[in-house]
Amino acid sequence: MIFHSLDFVGFFIAVVAVYWALPHRAQNLFLLAASWFFYGYISPWFLGPLLVATATDFLVARGMTRWPARRKALLLMSVAVNLTMLGVFKYFGFFVENINSLLGAWGLGTFEPALSLVLPVGISFYTLQSIGYSVDVYRERLPACRRFSDYALYVAFFPQLVAGPIERSTHLLPEITAPRSITAARILSGLQLMLWGFFKKLVIADNAAVTANKIFALSDPNFALLWVGVFAFAIQIYADFSAYTDIARGAARVLGFELMENFRGPYLSQTPHEFWGRWHISLSSWIRDYVYIPLGGSRRGPARNAINLFLAFAVSGLWHGAQWNFVLWGLYWWALTIVYRAVGVESGPVFARPTSALRAMVRIAILFVLTCIGWLLFRETNPEYLAKFLTLDPRTVNWADFQTAFFLLILTTIYALPMLIYDVLCRLPAPWIARWQASIVPRRWIELATACALYLAILVLRSTTQADFIYFQF
Amino acid sequence: MNRRWVTRIAEFFRRFTCHDRAWLTFFVIAVLGLPVLLSHTSLQVPEFDDTTLRRLTKERPEIVFIGDSMLESRLDASLLSQLSGRRVSIIEDDGSASGKWFLFVKNYVAALPEKPQRVILFFRDRYLTEPGFRLGGRYLSRLYLAMRTDEPVVDYFLDRPDPGIRGWFDRAIISAYPVTRLHDPAADNLRDRAAGITLRLTGSDVDFDDQLDRTFDRRNLRPDVPSDLGSEDLEADAFDPDPKASFLPHIVESAATAGVDLYFFRVQRRPNAATIANANEPTLLQYVANLRDWLTAQGVGFIDETGDPRITLDLYGDGDHIALEDRKRYTRLFYETHRELFE
């Protein structure tokens, strides 16, 4: 079931109505049934891998408690089962394609795989969440979950099942096992967050997608047009993915849960390090905690640190998709991180003093341009086009081309303006903004006016060409 | 059991203070209700978009062409007028289908004070007898713009066979929120603003619509971009002239009532191997033959362009569209081939 559908609206209203009338234990069982229905609604067979991951990690964690001497073996089993599942469903085709390319290059012919698998939506998200749980139990950060239904709900919790945020067991499991309370303020805050998410998806992301898709459909765009297309994609992917997170967090909040933040104004970052602390936070922190730090992090000298970063970014890139452009995108961010560290650029306070403000703005602008180059690597899956696009000559752009590109840039910016203003006002670490926020009274009426405006805008300005959430494909 | 549920729900609401309950209720009602209120007060929501009707009244066409983007990509009205010496107008709507075409004939052509002599409707394959195609869902708000208050035929097909909860909900949303019909004017307004800002900053006057058409001309697209064959979802039904089965008999009736000669023009789909095979598929050939016979029996013209050797692959942009640069060439070809339509 997708969030921006009438099916989901009906489903969610029904779930909330029944859920809050139930006692705590029954709430969990009901939510589990609802979550499995939500997931199976897309395709019932998707439930198979989900149940395998759930049962494996539940049993592995219980086994670690019962047989402490075999903890490591059990952990390896959990990791192996999850990664095998991910590998089979997500990377099998990629593997075959590359083997075929190699065989073809050596003149040995190619082979047709007997398997042709559909990628179950959200498998990349819940396998990481499930592995994270096994590792946390192994590291004794939390005891193994006693009830299968609680653990199954942790893996399948419908608001975040399909596209995250990738929750931590230490955070979400206690919320599941403890009774939840609700207030009118929490319900309202959840509904507002959902509304904001729907606005970002239906108005900003889907309208930006029209421009981005049109430009990326051209066989020979000029330099100006291509980079406006990349800009539109930058807006689209941020609005689209953060919209999903907002709807997920809002829905969870209405149900009494608090999911982690996944985005904190990433385009306001000054350094790659800061960007990854603001973009898809749940994935980057997962990779940091379960890949980068176990590899040694920065504790074993600069050379080993660079290797560890390389592996972490390669994993991040490959996690996004079984294609080389995603790996390239991950490694591009690795290179940026290394260069920024070598140059010694650090994030500074924004608008604290005029000089630091100017410096910070320049850094934000530079990193945004570099981020856009990264989005080109991410968006363009065809290597020939990618090579062509990266070598486009800006001098070939004539005035009319420039005007057309500029028009599309302004149009995309107009749609994205509410999101950009929100980020500046709520995410920029500037003291004067914090003072201004504190001075807004009464906040309730502003929230009401904003909610009314968002709903009206969704009704009037939503794009007529709706697309799935981009991160569904991962 | 029911009482227990009611008690629990009541318990749930008792957790909130009276003030909380009132605010929550007011908040939800205000957010959901404001667009309804605005629809009936300050916002100028178009009930029936008479722009096309006013344009046609002014143009006083003798020949009117109706269709979707197939028509838009094929014919240049001013060139046709120039070639034929007749006043030619086009009513085109991208992504439209038989429901909208019926409304075009009934509410625009038949409503003209000075009726045209002839209407020619462009279509592909089975489009004329698939009443549900491009009718509901996201097409609904635009369909309403061509509808008068009382449209029993369209209502019948919107409800048929059973709109289900989803169809019912779609219509309820459109009815409850007439503001959704403001989508096109609002989107145009934002485009105008973007154009205004661009012109102010860059300083010279440009027709962006024209510029964008050129930039995104189908010929400039990558070869791997999916083509707009469009009708993959259409079922391979046999031809059925029952008025309860499609809009076609209603289109014919509306044109006859208005005293207008009606022609249906089946455009040739992209002539590549796959579509040629599809066009020669026996059930489709039978369908087209039955359609032709029925139309002929009704005194309606039928022209099938499929197989015309002069409409070659190089004329096409993406999918079944003719490339923008070749529209004039196609228009000339069309005029030369079908001069009788302009007599």
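Guide: Let's start with a term: a crossing of two helices is right-handed if the near helix is turned clockwise from the far one by less than a right angle, and left-handed if anticlockwise. Keep in mind too that this is a predicted model.

Visitor: Okay! So is the crossing of H19(A) and H2(B) left-handed or right-handed?

Guide: H19(A) and H2(B) cross in the right-handed sense.

Visitor: Which residues make the contact?

Guide: From H19(A) come A:Leu448, A:Ala451, A:Cys452, A:Tyr455, A:Leu456 and A:Leu459. H2(B) brings B:Phe27, B:Ala30, B:Val31, B:Leu34 and B:Pro35.

Visitor: What classes of residue does that contact have?

Guide: There are 11 nonpolar residues in the contact of H19(A) with H2(B), with no polar and no charged ones.

Visitor: Zooming out, how many residues does the contact take from chain A and from chain B?

Guide: Chain A gives 30 residues and chain B gives 42. On the side of chain A, the elements giving two or more residues are helix H9 (184-216), helix H17 (399-427) and H19. That side has 24 nonpolar, four polar and two charged residues.

Visitor: New topic: what's chain B built from, in secondary structure?

Guide: Chain B comes to 15 helices and five strands. Of its 343 residues, 31% are buried.

Visitor: In what order do the five strands sit in the sheet?

Guide: The order is S2-S1-S3-S4-S5, in an open sheet with parallel pairing. S2 (88-92) and S5 (301-304) are the edge strands, each pairing on one side only. On average, neighbouring strands are turned by 20° against each other, direction ignored.

Visitor: How many bridges do S1(B) and S2(B) pair over?

Guide: S1(B) and S2(B) pair over five bridges. For example, B:Val64 is partnered by B:Ser89 in S2(B).

Visitor: Why is S3(B) largely enclosed?

Guide: Six of the six residues of S3(B) are buried, so the rest of the structure largely encloses this strand. B:Arg118, B:Ile120 and B:Phe122 point one way, while B:Val119, B:Leu121 and B:Phe123 point the other way.

Visitor: What about S2(B), is it mostly covered or exposed?

Guide: S2(B) is mostly covered, with five of its five residues buried. B:Val88, B:Ile90 and B:Glu92 lie on one side, with B:Ser89 and B:Ile91 on the other.

Visitor: Why is helix H6 of chain B largely enclosed?

Guide: In helix H6 (residues 98-109) of chain B, 11 of the 12 residues are buried, so the rest of the structure largely encloses this helix. Among those buried are B:Lys100, B:Trp101, B:Phe104 and B:Lys106.

Visitor: Last one: which residues touch the most other members in the largest nonpolar core?

Guide: That core has 133 residues, and A:Ala156, A:Ile204, A:Ala208, A:Val228, A:Ile235 and A:Ala239 touch the most other members. Helix H10 (residues 223-254) of chain A gives the largest share, 22 residues. Apart from this core lies another of 47 residues, including B:Phe65, B:Ala97, B:Ala146 and B:Leu262.

Visitor: And what does A:Ile204 touch?

Guide: Leaving out residues up to four places away in sequence, A:Ile204 touches A:Ile235, A:Ala239, A:Tyr415, A:Ala416 and A:Met419.

Definitions and conventions: Residues are numbered from 1 along each chain as its sequence is written. Chains are lettered from A and ligands numbered from 1 in the order in which they are written. This is a predicted model: local features need pLDDT of at least 70, side-chain atom pairs count only at pLDDT 80 or more; totals for chains, interfaces and linings use all residues. Two strands pair if DSSP finds at least two bridges between them. Helices (H or I, at least four residues) and strands (E, at least two) are DSSP runs, numbered from the N terminus. Axes are lines fitted to C-alpha atoms, for helices over the stretch in contact, and angles run from 0 to 180 degrees between N-to-C directions. Two residues are in contact if their C-beta atoms, placed from the backbone, lie within 7 Å. Ala, Val, Leu, Ile, Met, Phe, Trp, Tyr, Cys and Pro count as nonpolar, Asp, Glu, Lys and Arg as charged, and the others, Gly among them, as polar. A nonpolar core is a set of buried Ala, Val, Leu, Ile, Met, Phe, Trp, Tyr and Cys residues joined through C-beta atoms within 7 Å. A residue is buried if 20 or more other C-beta atoms lie within 10 Å of its own, exposed if 12 or fewer, and partly exposed in between; C-beta atoms are placed from the backbone.
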